[in-house]
Amino acid sequence: MRGDALPQDRLTLGSIIEVFPGRRQPTTLADVWRSGSVPGAGPMRVRMARLEDFAAIRGLQRQACPFAAPWTLKQVESQLHAFPEGQLVAVSDGGVVGASSSLVVRWDEYSANPTWREVTGDGHFTTHQPDGRTLYSMQVVADAPRHGYGVARALLQAERRLARRLNLRRIITTARLAGYAALREGVSPEIYAMRVIWGDLDDPAMRFKLAQGFQFCGILHGHRPEDEESGGHAALLAWLNPMYAPPGPPAYMASRRHLKSA
């Protein structure tokens, strides 16, 4: 049986929860400032999202994505029904400080330039395909005052752990081109992304995911038309699961075995 075809009851809550220690003791002036400026900067854990987290998730989305409407209750209910293991929150001192949403898809079946609505079923995750090989990381958001405290990194670590446990080939995600609108005259989104990779431009969203081991794969044009700051475009990034085990032998080996048995 393929890892990504495991029955839902095999995916226990205990295997998803991860506890992350608080920040180290402050040793520099910057550390002292950070530790004193954010209430409850203690240990953090990642767990599966619940319906009662709905209001907190919407608040985080308003901070991180002001260009888009936050999830509706119907969307969150549909996501939790379709793929509860992929809906995660980071919790510290009893409060939700980050959230991520993901689903499994057959990425090869999409066009070379899919929109987020096509991949996610307009945010309802009705496109979730348990037999797919790709975890599509739709969104990772963190509480603004907690930026730099490892919230987003912890959520991505949990997604990588999920991809390994389900034996998925890859994680596909996107990153906004938040500074593109200011340079779009005479600059293509491809050149903008290259300049970010070369270090000539500072684009926090894209550089963060590159720093987390994702590889730049190209530009999705019109991926989110409502994101005017990015010109509607997004960078396509991928992380390959080094522990992925193909479900069967390569086709040429199977044919050789058939010939020998004939």
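A: In helix α5, the buried residues are Val 151, Ala 152, Ala 154, Leu 155, Leu 156, Ala 158, Glu 159, Arg 160, Leu 162 and Ala 163. Buried here means under 20% relative accessible area, with exposed over 50% and partly exposed in between (1.4 Å probe, protein chains only). Helices (H or I, at least four residues) and strands (E, at least two) are DSSP runs, numbered from the N terminus. This is a predicted model, so local features need pLDDT of at least 70 and side-chain atom pairs count only at pLDDT 80 or more, while totals for chains, interfaces and linings use all residues. Residues are numbered from 1 along each chain as its sequence is written, and side-chain values use heavy atoms, with hydrogens and water left out.

How long is α5? It covers residues 151-165, and its 15 residues at 1.5 Å a residue should span 21 Å, which agrees with end C-alpha atoms 21 Å apart. (The expected span is 1.5 Å times one less than the number of residues.) Past the helix comes Asn 167, with a positive phi near 55°.

Now the packing. The largest nonpolar core has 24 residues, and Val 89, Trp 107 and Tyr 136 have the most contacts inside it. Such a core is a set of buried Ala, Val, Leu, Ile, Met, Phe, Trp, Tyr and Cys residues joined through side-chain atoms within 4.5 Å. At least two of its residues come from each of α2, α3, β3, β4, α4, β5 and β8, and the largest share, 4 residues, is from β4. A second, separate core has 23 residues, including Leu 168, Tyr 180, Leu 237 and Trp 239.

As for rings, the whole structure has 5 aromatic pairs. Rings of Phe, Tyr and Trp (its six-membered ring) pair if their centres lie within 6.5 Å; planes under 30 degrees apart count as stacked, over 60 as edge-to-face, the rest as tilted. Trp 107 and Tyr 110 are tilted, at 6.0 Å centre to centre and 45° between the planes. Trp 107 counts as buried because its relative accessibility is 14%, whereas Tyr 110, at 21%, counts as partly exposed. Trp 107 also stacks with Tyr 136, at 5.9 Å and 15°. Trp 107 sits in the loop between β4 and α4 and Tyr 136 in strand β5, so this pair ties together parts 29 residues apart in sequence. Elsewhere, ring pairs link Trp 71, Trp 116 and Phe 125 into a cluster.
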